[in-house]
Amino acid sequence: MFSYRHAFHAGSHADILKHLTLIHLVNYLQEKPGALTMVDTHAGAGIYNLQDGFSTVSKEADGGIFRLMQYIDTCKRTNTPIPESIQEYVGCIEAENIEGQLSTYPGSPFILARLLRPQDRLKLFELHPKEIDILRHKIGELKQSKRIDIYAEDSFARLKGLVPPPSRRGLVLIDPSYEDKQDYRFLEVAMEQALQRFATGCYAVWYPVLSRRESAALPDRLKKIAAAHKRSWLHTELRVENAPGERRLQASGMFIINPPWTLEKHLAQALPILTKALGINGGGQFVLKSFEAKN
Ligand code: SAM
C-alpha cells in the first residue's frame with residue numbers, strides 16, 4: 001500500500017479517457033440549476049507538473065496528452081474540424097496552462113473544482129499521507145476551496161454515508177489505484193451499498209484493462225450490479241496499443257451507472273479521434289456499449 005503516486009500516470013491515455021468522460025458528466029448534470037454534490041473517492045495529489053519530477057520519469061504523458069495536443073495542432077494547421085467532445089476536454093487542460101506551453105496536468109480534483117458552481121459541493125478522499133498534503137495545499141489556494149471538503153479516510157467505507165446528498169443530485173467518481181487486488185471487491189461492495197441508498201446517482205468507475213482475473217471480470221460484475229438495481233449503464237474502453245506483455249498499461253475502461261443520454265454520442269465522436277491520435281503501431285481500438293433499463 002502507498003507505493004502508488006498518480007504523478008507517474010498524469011496525462012496518460014487512461015487519464016484522457018477518464019477526464020474527458022468526467023467533464024461531460026459534470027456539464028450534463030449542470031444543465032439543471034439544482035445543487036450538485038460531486039464525490040471523488042480516490043483523489044490523488046490534485047494537479048501535476050509535467051515538466052519535472054515523477055511524470056518526467058515515467059513519460060506516460062508523452063503518449064497521452066502531449067501526443068493529443070500535437071494532433072490538435074495539426075488539425076488546427078490543416079483546418080481539420082475537431083469534435084466538440086475533444087474540444088471540451090482540451091479546453092479544461094488549456095485553462096490550467098494559460099502561458100500556452102503544456103506544463104501542468106489537472107487531476108480529477110482540479111477538473112471538478114474548476115467546474116464547481118456556487119451551489120455545488122465537492123468531496124475529495126485520499127489516504128496517501130504525501131498526496132493528501134499536496135492536495136490540501138493546492139486546493140486551499142483555490143477561491144472555491146470553502147465548497148470543497150477533503151477527507152483522509154477510506155472512501156470505500158465512507159461512500160454509503162455520503163449518499164444521497166441533500167439535493168439528491170450527485171456524481172461519484174471511483175478511481176482506485178488497484179494496487180491491492182482487494183480494491184475490486186471493495187469497489188463492488190461500495191457500489192452495491194451506494195446504489196441501495198441512492199439508486200439515481202451517477203457513478204463513474206475507472207479501471208485498467210489487464211489480463212488479471214479481477215480486472216477482466218469487473219465490467220460484467222458491474223453490469224450485474226446495475227441490473228440488480230434496474231439501472232442503465234454505459235461501458236467504454238480505449239486501447240492505444242496491442243503488444244504482448246503488460247509492462248505498461250495499454251488500455252483502460254470506464255463504467256458509468258445512470259449515464260446521461262448524451263454520453264454515448266459524445267464518446268462516439270471522441271473515441272475514433274483518440275484511437276487515431278494516441279494509437280501505437282495501429283493498436284488503437286475502442287469499445288462503446290450501453291444498456292437502457294426500463295423502469
Ligand atoms: N482520481 C485521480 C485523478 O484522476 O486525477 C487519480 C487517483 S489515483 C488513480 C488513486 C488514489 O487513491 C491514490 O492517490 C491512492 O493513494 C488513493 N487511495 C487508495 N485507496 C484509497 C481509499 N481506500 N480511499 C481513498 N483514497 C485511496
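**Figure 1. Residue classes in the shell around the ligand of this predicted model.** The shell divides into seven nonpolar, ten polar and six charged residues. In total, 23 residues surround the ligand. The closest are K18, H42, E126, D154 and D175. Two helices, α1 (13–29) and α7 (155–162), each supply at least two residues of this shell.

**Figure 2. Polar atoms of S108, E126 and S155 by the ligand.** E126 places a polar side-chain atom 2.6 Å from an oxygen atom of the ligand. For S108, a polar side-chain atom lies 2.8 Å from a ligand nitrogen atom. S155 takes part through its backbone: a polar backbone atom is 3.1 Å from a nitrogen atom of the ligand. On its own, the ligand has 600 Å² of accessible area, and the protein covers 98% of it.

**Figure 3. The ring pair F156 and F186.** The structure holds seven aromatic pairs. In this one, the ring centres are 5.9 Å apart. The planes meet at 50 degrees, so the pair counts as tilted. F156 belongs to helix α7 and F186 to helix α8 (residues 182–197). The pair therefore ties together parts that are 30 residues apart in sequence. F156 is buried, because its relative accessible area of 11% is under the 20% cut-off. F186 is partly exposed, with a relative accessibility of 30%.

**Figure 4. The ring pair W233 and F291.** This aromatic pair is stacked. Its centres are 6.1 Å apart, with 25 degrees between the planes; the cut-off for stacking is under 30 degrees. W233 lies in strand β8 (residues 233–239) and F291 in strand β10 (residues 285–291). The pair thus ties together parts that are 58 residues apart in sequence. W233 is buried at 11% relative accessible area. F291 is partly exposed at 42%.

**Figure 5. The aromatic cluster of Y178, Y184 and W206, with K18.** Ring pairs link Y178, Y184 and W206 into a cluster. K18 lies over the face of W206, 5.7 Å from the ring centre. K18 is also among the closest residues to the ligand.

**Figure 6. R158 over the ring of Y151.** The charged end of R158 sits over this ring. The distance to the ring centre is 5.1 Å.

Notes:
Residues are numbered from 1 along each chain as its sequence is written. This is a predicted model: local features need pLDDT of at least 70, side-chain atom pairs count only at pLDDT 80 or more; totals for chains, interfaces and linings use all residues. Side-chain values use heavy atoms; hydrogens and water are left out. A residue is near a molecule or strand if one of its heavy atoms lies within 4 Å of it. A polar contact is a pair of N or O atoms within 3.5 Å; within protein, one must be able to donate a hydrogen and the other to accept it, and residues adjacent in sequence count only if both atoms are side-chain atoms. Accessible areas come from the Shrake-Rupley method with a 1.4 Å probe; for residues, only the protein chains shown count as cover. Helices (H or I, at least four residues) and strands (E, at least two) are DSSP runs, numbered from the N terminus. Ala, Val, Leu, Ile, Met, Phe, Trp, Tyr, Cys and Pro count as nonpolar, Asp, Glu, Lys and Arg as charged, and the others, Gly among them, as polar. Rings of Phe, Tyr and Trp (its six-membered ring) pair if their centres lie within 6.5 Å; planes under 30 degrees apart count as stacked, over 60 as edge-to-face and the rest as tilted. Buried means under 20% relative accessible area, exposed over 50%, partly exposed in between (1.4 Å probe, protein chains only). A charge sits over a ring if NZ of Lys or CZ of Arg is within 6 Å of the ring centre and within 35 degrees of the ring normal.
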